[in-house]
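Open the model in your viewer and keep the selection tool at hand.

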Amino acid sequence: MSCAAFIQQQVEEIRKTVGDGLAINALSGGVDSSVCTALGHRALGKRLKTLFVDNAIMREGEPQAVVAAFRKLGIPVTLVDARAEFLGALKGLTDPEQKRQAITDTFYAKVFGRLVRESGAKFLIHGTILTDIEETVAGIKRQHNILTQLGIKTEEAYGYTLVEPLKTLRKDGVRKVAKALGLPASIANRMPFPGPALATRIVGEVTGERLDLVRKATAIVEEELKTAKVFQYFATLLTDKATGIRNNRREFGDIIVVRCVNSVDAREATATRLPWPKLERICRRIVALPGVNRCVYDLTPKPPATIEYV
Ligand code: XMP
(Lines give C-alpha, C1' and ligand atoms only; values in the text may rest on other atoms or scores of the structure.)
Protein backbone atom coordinates (compact mmCIF):
# COMPACT_ATOMS: atom_id res chain seq x y z
CA MET A 1 0.00 0.00 0.00
CA SER A 2 1.31 3.48 -0.79
CA CYS A 3 1.96 5.97 2.02
CA ALA A 4 -0.83 8.20 0.70
CA ALA A 5 -3.31 5.28 0.77
CA PHE A 6 -2.18 4.30 4.28
CA ILE A 7 -2.66 7.88 5.52
CA GLN A 8 -6.11 8.08 3.92
CA GLN A 9 -7.13 4.73 5.42
CA GLN A 10 -5.95 5.63 8.94
CA VAL A 11 -7.53 9.09 8.84
CA GLU A 12 -10.86 7.48 7.92
CA GLU A 13 -10.44 4.80 10.58
CA ILE A 14 -9.72 7.41 13.29
CA ARG A 15 -12.76 9.45 12.22
CA LYS A 16 -14.99 6.36 12.27
CA THR A 17 -13.74 5.21 15.69
CA VAL A 18 -13.86 8.58 17.44
CA GLY A 19 -17.16 9.65 15.83
CA ASP A 20 -18.01 13.11 17.17
CA GLY A 21 -16.10 12.48 20.41
CA LEU A 22 -12.75 13.78 21.69
CA ALA A 23 -9.35 12.11 21.47
CA ILE A 24 -6.11 12.79 23.27
CA ASN A 25 -2.49 11.84 22.67
CA ALA A 26 0.93 12.31 24.20
CA LEU A 27 3.67 13.65 21.96
CA SER A 28 7.31 12.99 22.85
CA GLY A 29 8.87 14.30 19.64
CA GLY A 30 9.87 10.78 18.56
CA VAL A 31 8.80 9.72 15.08
CA ASP A 32 5.99 7.37 16.26
CA SER A 33 4.17 9.86 18.46
CA SER A 34 4.80 12.62 15.92
CA VAL A 35 3.12 10.61 13.15
CA CYS A 36 0.19 9.82 15.46
CA THR A 37 -0.18 13.51 16.23
CA ALA A 38 -0.17 14.48 12.56
CA LEU A 39 -2.62 11.70 11.59
CA GLY A 40 -4.92 12.46 14.53
CA HIS A 41 -4.88 16.16 13.72
CA ARG A 42 -5.65 15.51 10.06
CA ALA A 43 -8.58 13.29 11.06
CA LEU A 44 -10.03 15.28 13.95
CA GLY A 45 -8.66 18.84 13.88
CA LYS A 46 -9.48 20.55 17.17
CA ARG A 47 -11.09 17.41 18.56
CA LEU A 48 -7.61 16.01 19.14
CA LYS A 49 -5.86 17.30 22.23
CA THR A 50 -2.10 16.75 22.05
CA LEU A 51 -0.01 17.02 25.20
CA PHE A 52 3.74 17.14 25.66
CA VAL A 53 4.59 16.09 29.21
CA ASP A 54 7.83 17.63 30.47
CA ASN A 55 9.12 14.85 32.71
CA ALA A 56 12.38 16.65 33.67
CA ILE A 57 14.50 14.06 31.85
CA MET A 58 14.39 15.42 28.30
CA ARG A 59 17.36 16.91 26.50
CA GLU A 60 18.30 20.60 26.50
CA GLY A 61 15.44 22.73 25.14
CA GLU A 62 13.61 19.62 23.86
CA PRO A 63 10.09 20.28 25.22
CA GLN A 64 10.01 23.82 23.80
CA ALA A 65 11.57 22.76 20.49
CA VAL A 66 9.03 19.97 19.90
CA VAL A 67 6.06 22.21 20.75
CA ALA A 68 7.42 24.94 18.45
CA ALA A 69 7.99 22.48 15.56
CA PHE A 70 4.34 21.38 15.71
CA ARG A 71 3.06 24.93 16.10
CA LYS A 72 4.85 25.68 12.83
CA LEU A 73 2.88 22.85 11.24
CA GLY A 74 -0.36 24.37 12.56
CA ILE A 75 -0.82 21.67 15.21
CA PRO A 76 -1.34 23.03 18.73
CA VAL A 77 0.41 21.14 21.54
CA THR A 78 -0.05 21.83 25.24
CA LEU A 79 3.12 21.66 27.32
CA VAL A 80 2.48 20.11 30.74
CA ASP A 81 5.06 20.72 33.44
CA ALA A 82 5.31 17.49 35.46
CA ARG A 83 9.01 17.83 36.31
CA ALA A 84 8.52 17.83 40.08
CA GLU A 85 6.37 14.69 40.02
CA PHE A 86 8.90 12.71 37.99
CA LEU A 87 11.91 13.90 40.01
CA GLY A 88 10.02 13.01 43.20
CA ALA A 89 9.32 9.51 41.89
CA LEU A 90 12.97 8.99 40.90
CA LYS A 91 14.41 10.24 44.19
CA GLY A 92 16.64 7.68 45.88
CA LEU A 93 16.32 5.09 43.08
CA THR A 94 19.51 3.59 41.67
CA ASP A 95 18.36 0.29 40.15
CA PRO A 96 17.82 0.56 36.36
CA GLU A 97 14.53 -1.37 36.28
CA GLN A 98 13.15 0.49 39.31
CA LYS A 99 13.95 3.77 37.58
CA ARG A 100 12.14 2.62 34.41
CA GLN A 101 9.15 1.42 36.43
CA ALA A 102 8.94 4.70 38.35
CA ILE A 103 8.87 6.64 35.07
CA THR A 104 6.19 4.38 33.53
CA ASP A 105 4.02 4.50 36.67
CA THR A 106 4.34 8.25 37.05
CA PHE A 107 3.40 8.73 33.42
CA TYR A 108 0.47 6.32 33.04
CA ALA A 109 -0.95 5.96 36.53
CA LYS A 110 -0.46 9.53 37.71
CA VAL A 111 0.24 12.36 35.29
CA PHE A 112 -1.22 11.23 31.96
CA GLY A 113 -4.05 9.27 33.58
CA ARG A 114 -5.13 12.45 35.36
CA LEU A 115 -4.84 14.54 32.18
CA VAL A 116 -6.95 12.05 30.19
CA ARG A 117 -9.68 12.08 32.86
CA GLU A 118 -9.67 15.88 33.03
CA SER A 119 -9.89 16.18 29.23
CA GLY A 120 -13.07 14.14 28.96
CA ALA A 121 -11.55 12.29 25.99
CA LYS A 122 -12.71 8.72 25.52
CA PHE A 123 -10.08 7.84 22.90
CA LEU A 124 -6.32 7.72 23.24
CA ILE A 125 -4.25 7.71 20.05
CA HIS A 126 -1.19 5.64 20.78
CA GLY A 127 2.02 5.18 18.76
CA THR A 128 2.46 1.43 19.21
CA ILE A 129 4.32 -0.10 16.25
CA LEU A 130 4.52 -3.71 15.10
CA THR A 131 8.00 -4.31 16.59
CA ASP A 132 6.78 -3.21 20.06
CA ILE A 133 3.94 -5.73 19.87
CA GLU A 134 6.13 -8.57 18.61
CA GLU A 135 8.87 -8.05 21.21
CA THR A 136 6.40 -7.83 24.06
CA VAL A 137 4.34 -10.83 23.00
CA ALA A 138 7.56 -12.86 22.55
CA GLY A 139 8.63 -11.83 26.06
CA ILE A 140 11.83 -10.16 24.82
CA LYS A 141 11.16 -6.73 26.17
CA ARG A 142 8.14 -5.39 28.00
CA GLN A 143 7.56 -2.20 26.03
CA HIS A 144 6.04 0.52 28.17
CA ASN A 145 3.37 1.26 25.56
CA ILE A 146 1.84 -2.19 25.17
CA LEU A 147 -1.50 -2.59 26.84
CA THR A 148 -4.18 -4.32 24.75
CA GLN A 149 -1.84 -7.01 23.40
CA LEU A 150 -1.21 -8.09 27.00
CA GLY A 151 -4.94 -8.44 27.61
CA ILE A 152 -5.33 -5.13 29.47
CA LYS A 153 -8.80 -3.79 28.69
CA THR A 154 -8.21 -0.07 28.70
CA GLU A 155 -11.95 0.76 28.65
CA GLU A 156 -12.38 -0.99 32.01
CA ALA A 157 -8.98 -0.18 33.52
CA TYR A 158 -8.60 3.43 32.47
CA GLY A 159 -11.90 4.54 30.93
CA TYR A 160 -10.65 5.11 27.38
CA THR A 161 -10.39 3.23 24.09
CA LEU A 162 -6.99 2.87 22.46
CA VAL A 163 -6.57 3.82 18.82
CA GLU A 164 -3.31 2.46 17.36
CA PRO A 165 -2.89 3.64 13.76
CA LEU A 166 0.75 2.45 13.43
CA LYS A 167 0.39 -1.09 14.72
CA THR A 168 1.03 -2.67 11.30
CA LEU A 169 4.19 -0.66 10.59
CA ARG A 170 7.83 -1.01 11.49
CA LYS A 171 10.14 1.95 12.09
CA ASP A 172 11.17 2.35 8.44
CA GLY A 173 7.49 2.43 7.44
CA VAL A 174 6.70 5.03 10.10
CA ARG A 175 9.55 7.22 8.82
CA LYS A 176 8.15 7.04 5.27
CA VAL A 177 4.67 7.99 6.49
CA ALA A 178 6.21 10.87 8.47
CA LYS A 179 7.73 12.28 5.28
CA ALA A 180 4.50 11.78 3.34
CA LEU A 181 2.64 13.71 6.07
CA GLY A 182 5.04 16.64 5.57
CA LEU A 183 6.83 16.29 8.90
CA PRO A 184 10.33 17.84 8.79
CA ALA A 185 13.38 15.59 8.27
CA SER A 186 14.52 16.39 11.83
CA ILE A 187 11.47 14.45 13.04
CA ALA A 188 11.17 11.83 10.27
CA ASN A 189 14.84 10.80 10.56
CA ARG A 190 15.28 11.43 14.26
CA MET A 191 17.93 9.40 16.05
CA PRO A 192 16.46 6.86 18.51
CA PHE A 193 16.03 8.31 21.99
CA PRO A 194 14.86 6.01 24.77
CA GLY A 195 11.45 6.47 26.42
CA PRO A 196 13.03 6.80 29.89
CA ALA A 197 15.14 9.58 28.31
CA LEU A 198 18.16 10.90 30.22
CA ALA A 199 17.39 8.56 33.12
CA THR A 200 19.01 5.84 30.97
CA ARG A 201 22.10 8.04 30.66
CA ILE A 202 22.66 8.48 34.36
CA VAL A 203 24.05 5.49 36.24
CA GLY A 204 22.76 5.74 39.82
CA GLU A 205 20.36 8.31 41.20
CA VAL A 206 18.69 10.83 38.89
CA THR A 207 18.86 14.23 40.58
CA GLY A 208 18.36 17.73 39.20
CA GLU A 209 22.08 18.43 39.45
CA ARG A 210 23.16 15.19 37.73
CA LEU A 211 20.54 15.80 35.01
CA ASP A 212 21.96 19.27 34.38
CA LEU A 213 25.40 17.77 33.90
CA VAL A 214 24.40 14.93 31.57
CA ARG A 215 22.17 17.31 29.61
CA LYS A 216 25.13 19.63 28.95
CA ALA A 217 27.39 16.69 27.99
CA THR A 218 24.66 15.33 25.70
CA ALA A 219 24.32 18.71 23.99
CA ILE A 220 28.08 18.76 23.31
CA VAL A 221 28.11 15.21 21.87
CA GLU A 222 25.01 15.87 19.73
CA GLU A 223 26.42 19.14 18.41
CA GLU A 224 29.82 17.63 17.58
CA LEU A 225 28.42 14.51 15.92
CA LYS A 226 25.30 15.89 14.24
CA THR A 227 26.61 15.18 10.75
CA ALA A 228 27.88 11.67 11.60
CA LYS A 229 25.99 9.00 9.67
CA VAL A 230 25.63 6.57 12.56
CA PHE A 231 22.83 4.88 14.49
CA GLN A 232 23.12 6.66 17.83
CA TYR A 233 25.44 8.86 19.93
CA PHE A 234 25.16 10.24 23.42
CA ALA A 235 26.86 10.92 26.77
CA THR A 236 26.44 8.98 30.01
CA LEU A 237 27.30 10.00 33.58
CA LEU A 238 28.79 7.32 35.83
CA THR A 239 28.64 7.06 39.62
CA ASP A 240 32.36 6.30 39.77
CA LYS A 241 34.70 9.20 40.28
CA ALA A 242 38.30 9.80 39.24
CA THR A 243 41.17 11.84 40.54
CA GLY A 244 42.26 14.83 38.52
CA ILE A 245 43.99 18.19 38.84
CA ARG A 246 42.29 21.54 38.30
CA ASN A 247 43.88 24.90 39.05
CA ASN A 248 46.80 23.06 40.65
CA ARG A 249 44.50 21.32 43.12
CA ARG A 250 43.57 17.71 43.40
CA GLU A 251 39.97 17.09 42.44
CA PHE A 252 37.90 13.91 42.75
CA GLY A 253 35.59 14.46 39.79
CA ASP A 254 32.89 12.97 37.59
CA ILE A 255 33.44 10.65 34.63
CA ILE A 256 31.47 11.06 31.39
CA VAL A 257 31.37 8.26 28.84
CA VAL A 258 30.83 9.09 25.17
CA ARG A 259 29.13 6.41 23.10
CA CYS A 260 28.70 6.45 19.32
CA VAL A 261 27.55 3.26 17.64
CA ASN A 262 26.72 1.79 14.26
CA SER A 263 23.77 -0.56 14.20
CA VAL A 264 20.91 -1.61 11.94
CA ASP A 265 18.19 -2.35 14.46
CA ALA A 266 19.85 -1.96 17.90
CA ARG A 267 20.07 -5.73 18.36
CA GLU A 268 23.81 -5.63 17.71
CA ALA A 269 26.09 -2.60 17.63
CA THR A 270 29.72 -1.64 17.12
CA ALA A 271 31.59 1.45 18.25
CA THR A 272 32.20 3.95 15.47
CA ARG A 273 35.80 4.69 14.46
CA LEU A 274 35.55 8.43 14.97
CA PRO A 275 38.44 10.62 13.83
CA TRP A 276 40.90 11.20 16.67
CA PRO A 277 40.78 15.04 16.43
CA LYS A 278 36.98 14.88 16.77
CA LEU A 279 37.28 12.71 19.88
CA GLU A 280 39.88 15.07 21.35
CA ARG A 281 37.61 18.04 20.73
CA ILE A 282 34.63 16.36 22.40
CA CYS A 283 36.85 15.40 25.34
CA ARG A 284 38.17 18.96 25.73
CA ARG A 285 34.66 20.39 25.79
CA ILE A 286 33.32 17.79 28.20
CA VAL A 287 36.08 18.15 30.77
CA ALA A 288 35.40 21.89 30.75
CA LEU A 289 32.07 21.12 32.42
CA PRO A 290 32.12 21.81 36.17
CA GLY A 291 33.31 18.86 38.23
CA VAL A 292 34.09 16.62 35.25
CA ASN A 293 37.74 15.66 34.99
CA ARG A 294 37.54 12.57 32.83
CA CYS A 295 35.93 11.74 29.51
CA VAL A 296 36.19 8.27 28.00
CA TYR A 297 35.13 6.79 24.66
CA ASP A 298 33.51 3.37 24.88
CA LEU A 299 34.72 0.82 22.30
CA THR A 300 32.60 -2.10 23.48
CA PRO A 301 30.33 -3.79 20.94
CA LYS A 302 26.85 -5.10 21.71
CA PRO A 303 26.99 -7.91 22.80
CA PRO A 304 28.41 -8.19 25.39
CA ALA A 305 27.60 -4.54 26.25
CA THR A 306 24.23 -2.98 25.58
CA ILE A 307 24.04 0.37 23.85
CA GLU A 308 22.89 2.22 26.98
CA TYR A 309 24.44 1.90 30.45
CA VAL A 310 21.15 1.75 32.35
P1 XMP B 1 20.17 -1.33 24.64
O2 XMP B 1 20.75 -0.44 25.72
O3 XMP B 1 19.16 -2.31 25.16
O4 XMP B 1 19.35 -0.34 23.70
O5 XMP B 1 21.21 -1.96 23.80
C6 XMP B 1 18.81 -0.68 22.44
C7 XMP B 1 18.07 0.52 21.89
O8 XMP B 1 16.90 0.77 22.68
C9 XMP B 1 16.99 2.04 23.33
N10 XMP B 1 16.54 1.81 24.70
C11 XMP B 1 15.28 2.07 25.12
N12 XMP B 1 14.24 2.58 24.46
N13 XMP B 1 12.94 2.37 26.42
C14 XMP B 1 13.06 2.76 25.14
O15 XMP B 1 12.10 3.25 24.57
C16 XMP B 1 13.96 1.84 27.16
O17 XMP B 1 13.81 1.53 28.33
C18 XMP B 1 15.19 1.69 26.45
N19 XMP B 1 16.40 1.18 26.80
C20 XMP B 1 17.20 1.29 25.72
C21 XMP B 1 18.44 2.47 23.24
O22 XMP B 1 18.58 3.89 23.23
C23 XMP B 1 18.88 1.83 21.94
O24 XMP B 1 18.51 2.60 20.81
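**Stop 1: the second largest pocket**

Select α3 (62-72), α9 (185-188) and α10 (208-225): each of these helices gives at least two residues to the lining of the second largest pocket. This is a predicted model. The pocket's volume is about 640 Å³. Its lining comprises 22 residues, and those closest to the centre are Arg59, Glu62, Ser186, Arg190 and Glu222. Colour the lining by class: 10 residues are nonpolar, four polar and eight charged.

**Stop 2: charges over rings**

The charged end of Arg59 sits over the Phe193 ring, 3.7 Å from the ring centre. Now select Arg201 and Phe234. Here the charged end of Arg201 sits over the ring of Phe234, with 4.0 Å to the centre.

**Stop 3: the aromatic cluster**

Which residues do ring pairs link into a cluster? Select Phe107, Tyr108 and Phe112. The whole structure has two aromatic pairs. Take Phe107 and Tyr108: their ring centres are 5.1 Å apart and their planes meet at 85°, so this pair is edge-to-face. Then switch to Phe107 and Phe112. This pair is stacked, with 5.1 Å centre to centre and 10° between the planes.

Finish with accessibility. Is Tyr108 buried or exposed? Its relative accessibility is 14%, so Tyr108 counts as buried. Phe107, at 18%, counts as buried too. Phe112 is also buried.

Technical notes. Residues numbered from 1 in each chain as written. Predicted model: local features only at pLDDT ≥ 70, side-chain atom pairs only at ≥ 80, totals over all residues. Heavy atoms only, no water. 1 Å grid on protein atoms, 1.4 Å probe; cavity = no way out; pocket = protein on both sides within 12 Å on 5 of 7 lines; lining within 4 Å. Points joined across faces, edges and corners; volume = space filled by probe spheres on them. Helix = DSSP H or I, 4+ residues; strand = E, 2+ residues; numbered from the N terminus. Nonpolar A, V, L, I, M, F, W, Y, C, P; charged D, E, K, R; others polar. Phe/Tyr/Trp six-rings, centres within 6.5 Å; stacked < 30°, edge-to-face > 60°. Buried < 20%, exposed > 50% of the residue type's maximum accessible area, 1.4 Å probe, protein only. Lys NZ or Arg CZ within 6 Å of the ring centre and 35° of its normal.
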